[in-house]
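Hello,

Here is the structure we talked about handing over. My notes on it follow below.

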Amino acid sequence: MADPLACCRPCATCLLCLYSCQWITAKKEKRKGLRTTKCDYSWFLFLFCVFLFTLVWLYFAIIILNDFHNFNEFIFKQKKLWLDWSLVLLIATAVLITYAAGLLVLALCLQLCGQPLKLHWLHKTLLILTALVVAAAFTGLGIKWAEEWKSARVSLQATGPFLHIGIVGGMTLLAWPLASFIYRTRNTGIKVFLLLVYCAVMVALYLAPLGITSPCIMEENQLPPKPALVGHRGAPMLAPENTLMSLHKAVGCDVQVFETDVMVSADGVPFLMHDDELTRTTNVQAVFPERAALNSTAFNWTDLQQLDAGSWFLERRPFPTVQSLSARDRYQATKQRIPSLEQALEAAKQSNISIMFDLRPENHSDYQSFVNATLEVILQSGIPLQQVLWLPDGFRDQVKQQAPGVQQVYGRKRLQNEKEPLLHVNLPYQDMSSEEIRQYRQDNISVNLYVVNQPWLFSVLWCSGVSSVTTNACQVLKEMKHPIWLLPSSTYLMIWIVVDCTSFLTILWAFLLLK
């Protein structure tokens, strides 16, 4: 057997100090006759598992960034506190993964240098805390935000091929410390067990591409047209949401549809507003402090026009893009007021874009009067009815009779034996698989998925053939001329073979070199 890899004494001393929190030279350590015990190896295994656990959480943290604005809004509704919690998430995750990865690298270096793995009790405590924090994060995700598990499934369609290459690379590098340990340990049972486990994992990884499917593994000439963009409340990264400024910014992003939310004031005027209360997107607490907690529909139109619907955007900075706004845009934002549906329809008509909206709240006792008031404004606005996309399910038959030209958009999948075929569906992106999207496309059903902000997600849906996506980041997706990646099947097969062969030869070299 070969001696452990050469490792200078100062380096070994530093490694021992950082890992064991004891400044003992390698020479003294050997004189003491200390060796790595079974308990020490157990802690190393725990360290490795915690590292993998935090690595998986890092992946989830990156994936859920696409939907994190919804979480920020949820916290505001509950606590009336606005903060970009995505920064807190990323910073905390980065600290945990850096700590676990640093300790793991130290342990592997000590193993290669032939030094004992005496993990200090402080590191043990911190590792347990790290595992508990990540477990709590996963538990909270499962309880309060279960749809993000579906988001992870969608993300694997984009990242699967690259995750495979990364994992194969990581396991290949692990062959060096593993070979060093196997040749130095005297326990035959442990040797055989580790070799069998390692070989089983590598064989599974080598064959994994057989089970990896991605809509972006296709030939260039098979790529569907780029999905149309639907501005979610306009262009909320560039202007205060549900304002005329936001609508005009969305037009500048080449969106084809302005998506918004409509409520009806106490005196029967339909206006644009998403939240049940006005506190998040207006200064209602300053203007009407005693009425701030009332439902948005409890205010008459005169009161609503007194509210500032733009300054909050500059103060709370719901998106990082707010910092890069020009002075002109900042000034314009401070002048925004709550627009009426009539004003929004006129702007949409002049800009030649469609408008799609929900009518809220659907459980209101006067909902039918809301529908009537909204239909009256639409019919009087002069906008071509085919530019209006109707989302609400309530009193849909009445809408079809009074405004037959309005396009009906359904928030559900089609049913078997559907009496009237669906032409447009609007669903969360987690609720439709690539296969379903392709089938709907073949059946000439327009599919709009929401809310899509990240380029990786837009790329997957583009390759799947979705008709359009609702987005907060129209300025980003507008610039995408091509999916982030597109691989012909033959190219992917070649990469798969090269990666697996390179990995196998590297592992073989590691075991032969250290023998």
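The charged end of R396 sits over the ring of Y410, at 4.1 Å from its centre. A charge counts as over a ring if NZ of Lys or CZ of Arg is within 6 Å of the ring centre and within 35 degrees of the ring normal. R291 likewise lies over the face of F288, 5.1 Å from the ring centre.

This is a predicted model, where local features need pLDDT of at least 70, side-chain atom pairs count only at pLDDT 80 or more, and totals for chains, interfaces and linings use all residues. Residues are numbered from 1 along each chain as its sequence is written, and side-chain values use heavy atoms, without hydrogens and water.

On aromatic rings, the whole structure holds 21 pairs (rings of Phe, Tyr and Trp, the last by its six-membered ring, with centres within 6.5 Å; planes under 30 degrees apart are stacked, over 60 edge-to-face, the rest tilted). Y41 and F181 form an edge-to-face pair, with 4.7 Å between centres and 75° between planes. This pair links distant parts of the chain, 140 residues apart: Y41 is in helix α3 (residues 38-63) and F181 in helix α8 (residues 175-184). Helices here are DSSP runs of H or I, at least four residues, and strands are runs of E, at least two, numbered from the N terminus. Ring pairs also join F53, W57, Y59, F60, F138 and W149 into a cluster.

Last, N453 lies in the loop between β8 (446-450) and α19 (455-464). Leaving aside neighbours within four places in sequence, N453 has contacts (heavy atoms within 4.5 Å) with N66, T471, N472, A473 and L477.

Regards
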